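Q: Could you take me through one part of this model in detail? I would like to look closely at the place where the two chains meet, and then at what lies beyond it.

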Amino acid sequence: MSPDNYLYLAAALFAIGTAGVMLRRNALVAFMSVELMLNAANLAMVAFASARGNLDGQVATFFVMVVAAAEVVVGLSIIITIYRTRRSTSVDAANLLKL
Amino acid sequence: MISLETTFAPVLATGLTSYAWLIIAIPAISAAVLLLGGRLLDQVGHWLGVAAVTASFVIAATLFGYQLMSDESARAISVPLYTWIAAGTWKVTAGLLIDQLSILFALLITGVGALIHVYSVGYMAPDERRRRFFAYLNLFIAAMLTLVLADNYLVLFVGWEGVGLASYLLIGFWQHKPSAAAAAKKAFVMNRIGDLGLTMAVMSMLALFGSSSFAAVNAGAEHLDAFWVATIGLLLLLGACGKSAQVPLQAWLLDAMEGPTPVSALIHAATMVTAGVYLVVRSHAIFSISPVASTAVVVVGAVTLLVGAWIGTSKDDIKKVLAGSTMSQIGYMMLAAGLGPVGYAFAIFHLLTHGFFKANMFLGAGSVMHAMDDDVNMRHYGALAKVTRITFLTFGMGYLAIIGFPFFAGYFSKDHIIEAAFEVSTVAGIAALVGAGITAFYMTRLMLMTFFGEKRWREGVHPHESPLVMTVPLIVLAVFSIGAGALMNWWIQDWLEPAVGNHVHEISIVPGPIGWLTMLIVAAGIALGWYLFGRQPVPAEAPASRNPFTVAGRNDLFGDLVNDTLVVRPTMFASRGLVANDDKVIDGGVGGLATLTVGLSNQVRKLQTGQVRNYALTMTLGVVLVGVIVILSQLG
């Protein structure tokens with residue numbers, strides 16, 4: 001089976017995720033876009049693993065999923081804290097990280 | 001008597017003479033005690049100072065008596081003290097040499113020094129820092145004794161620097177006066193130039209002879225090539241010029257009058273300025289074989305004796321007249337020392353008699369100032385002969401001594417120098433002769449303006465004679481001003497001959513033709529002085545003068561101007577240039593680099609927008625860039 005189509009799909013998902021991170025102001029949506037990018041990468045790795053006939057890519061996918069879960073915990077708590085203090089989840093509003 | 005070229009090696013000190021170092025140690029320790037003792041010693045400190053110097057004088061006198069009694073071959077005593085520097089094969093020992101030359105200096109320093117100490121007890125009585133003053137005086141005496149008693153040039157240099165330090169402290173003693181502080185600095189700086197000469201001379205000796213002891217230098221000098229002998233001689237002369245205020249390093253001496261008057265007496269009579277003459281006479285082995293160096297000494301001496309006398313004629317400040325006179329008299333000594341073996345003994349002879357009469361006159365001037373509420377301007381004096389009778393009489397003895405009135409101290413010593421100068425060079429002789437005439441003129445002027453004529457006192461000044469503690473030293477010094485010349489005239493040449501290798505002259509009591517000529521010129525000087533300042537009233541303000549001689553004399557022959565133009569201004573200019581270079585080029589370079597970094601950083605800082613999406617864009621672009629590079633490199 002050729003992985004080409006899966007790779008196209010993964011590339012498309014990754015592009016959508018990237019665009020979402022760069023374009024959306026809502027932190028939650030941007031966060032979801034990051035998840036989309038991670039999963040696009042997962043999809044690509046699974047496709048390669050299947051094409052090459054070994055398990056390396058699938059193992060790596062599990063790692064990414066675990067890390068993504070941990071990241072979601074931290075990321076969501078940060079977003080909630082920001083929302084509590086600022087009553088907004090706009091990433092443009094939280095722009096104090098500069099000189 | 002015909003001179004025999006005999007020199008005796010100094011004998012090692014034994015028994016009591018090995019304690020000769022106490023002569024230096026006692027005033028040094030006294031100085032330390034006075035400085036460290038604090039207020040506790042305020043009441044008695046000055047007497048401790050007097051006692052210390054008197055003790056040194058007693059030791060010096062004892063040593064002198066011992067030398068007088070011993071055989072000629074056993075008079076020079078060496079007192080080794082300790083090894084100072086030992087490095088490999090190179091060894092410098094600290095030791096004392098008490099020979100016929102140094103004992104005379106030690107006697108002069110401690111004797112006149114003790115009298116000046118006694119006088120200072122009275123003179124400095126109103127000063128609340130009197131204890132400190134005596135500490136410095138003791139330090140001065142100790143340093144000067146180290147200088148003259150050392151048995152090698154390195155130890156001599158220690159004393160030399162000590163004298164420089166003590167003179168700095170004493171000239172600037174009234175440090176609350178900016179002029180005194182400046183004078184002290186000036187003396188110190190000008191002395192450093194001379195010290196540089198001495199340092200280089202001593203280093204040359206160490207390099208050439210491997211030792212700086214007088215014995216080694218004397219022995220080695222004759223085997224040295226002419227260039228090095230002349231170089232060492234000229235460097236020593238530079239050192240002597242600094243300490244003895246000879247042209248071209250004379251300018252500090254007149255400013256040094258800012259110190260208290262006893263200090264002036266000490267500097268001018270017993271210590272400091274005599275050091276240069278001592279150095280030249282002590283280094284006779286070098287100077288006698290180098291015509292270049294000895295001629296330079298004669299020239300310096302002759303020029304200084306005329307310059308000093310010239311300055312003396314034009315000043316209204318009594319102390320500055322005396323300061324000019326000191327320059328001039330030291331010039332005589334240098335001249336004599338430069339004449340070679342014919343002059344050494346006369347240089348020392350004149351130095352000793354000058355020590356007495358100049359200390360006498362300086363202390364007398366101090367007594368006059370004491371009477372006149374510290375006014376130094378002679379135009380405000382006049383008619384003091386009756387009011388301050390003791391001061392007048394003692395000063396008069398000094399006056400007769402310095403102008404060379406027959407049978408007073410200066411008569412013998414100065415005439416010998418003039419005669420010796422004529423033997424060697426007519427030009428030097430004429431300079432010495434003219435100097436004697438000018439000396440008579442300015443001293444007559446000083447006497448007439450101070451003690452005779454009508455009263456020109458300022459309002460509220462009530463002159464009075466000084467207390468006994470000040471007049472007794474004056475009387476003692478006056479006695480020596482009268483008698484010292486006759487006392488030593490027939491003795492000093494034979495006495496010094498083994499130590500300095502001078503040629504012994506036949507001396508007759510009847511003056512020769514040059515002697516008569518000298519007296520004639522001195523008489524002319526006195527007559528001129530009387531004609532200008534005794535015959536008619538002296539104006540209470542210095543009349544404006546366009547006479548170039550007067551203008552030059554009042555301005556110290558423009559010595560300061562010369563120094564300013566030749567040294568100070570170029571140095572200041574160079575310093576300013578260096579400061580500008582430091583400020584503009586070096587600081588500018590460093591500062592510019594910093595400014596550049598700050599500017600760049602300020603631009604780069606703008607990348608940090610705080611916008612998360614901006615960062616995301618940057619990251620994405622970075623990833624794309626890396627990806628493109630990776631792909632392109634795969635293709636290539």
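**Where the chains meet**

A: Happy to. At the interface, 13 residues of chain A are in contact with 11 residues of chain B. Please keep in mind that this is a predicted model. Putting the two chains together buries about 1,000 Å² between chain A and chain B, and carbon and sulfur atoms give 57% of that area.

Now for the charged side of the contact. The rule finds 1 salt bridge across the interface of chain A and chain B. Its partners are B:Arg613 and A:Asp92, whose side chains meet at 2.7 Å, N to O. With a cut-off of 4 Å for such a nitrogen-oxygen pair, the 2.7 Å between B:Arg613 and A:Asp92 qualifies. As for polar contacts, the count between chain A and chain B is 2 residue pairs, both at pLDDT 80 or more. Sorted by class, the side of chain A that touches chain B has 7 nonpolar, 2 polar and 4 charged residues.

Moving on from the interface, let us turn to chain B itself. Here 3 strands form an open sheet with mixed pairing, in the order E1-E2-E3. At the edges are strand E1 (11-12) and strand E3 (90-98) of chain B, each of which pairs on one side only.

Start with E1(B). This strand runs parallel to strand E2 (residues 77-87) of chain B, and 2 bridges join them.

One last stop is the aromatic rings. Over all chains, a search of the whole structure finds 21 aromatic pairs. Among them is the edge-to-face pair of B:Phe64 and B:Trp495, with 5.5 Å centre to centre and 75° between the planes. This pair links distant parts of the chain, 431 residues apart: B:Phe64 belongs to helix H2 (residues 45-69) of chain B, while B:Trp495 belongs to helix H20 (residues 492-500) of chain B.

Note on methods
Residues numbered from 1 in each chain as written. Chains lettered and ligands numbered in written order. Predicted model: local features only at pLDDT ≥ 70, side-chain atom pairs only at ≥ 80, totals over all residues. Heavy atoms only, no water. Contact = heavy atoms within 4.5 Å. Buried area = accessible area lost by both parts, 1.4 Å probe. Polar contact = N/O pair within 3.5 Å; in protein donor to acceptor, adjacent residues only side chain to side chain. Nonpolar A, V, L, I, M, F, W, Y, C, P; charged D, E, K, R; others polar. Pairing = 2+ DSSP bridges. Helix = DSSP H or I, 4+ residues; strand = E, 2+ residues; numbered from the N terminus. Phe/Tyr/Trp six-rings, centres within 6.5 Å; stacked < 30°, edge-to-face > 60°.
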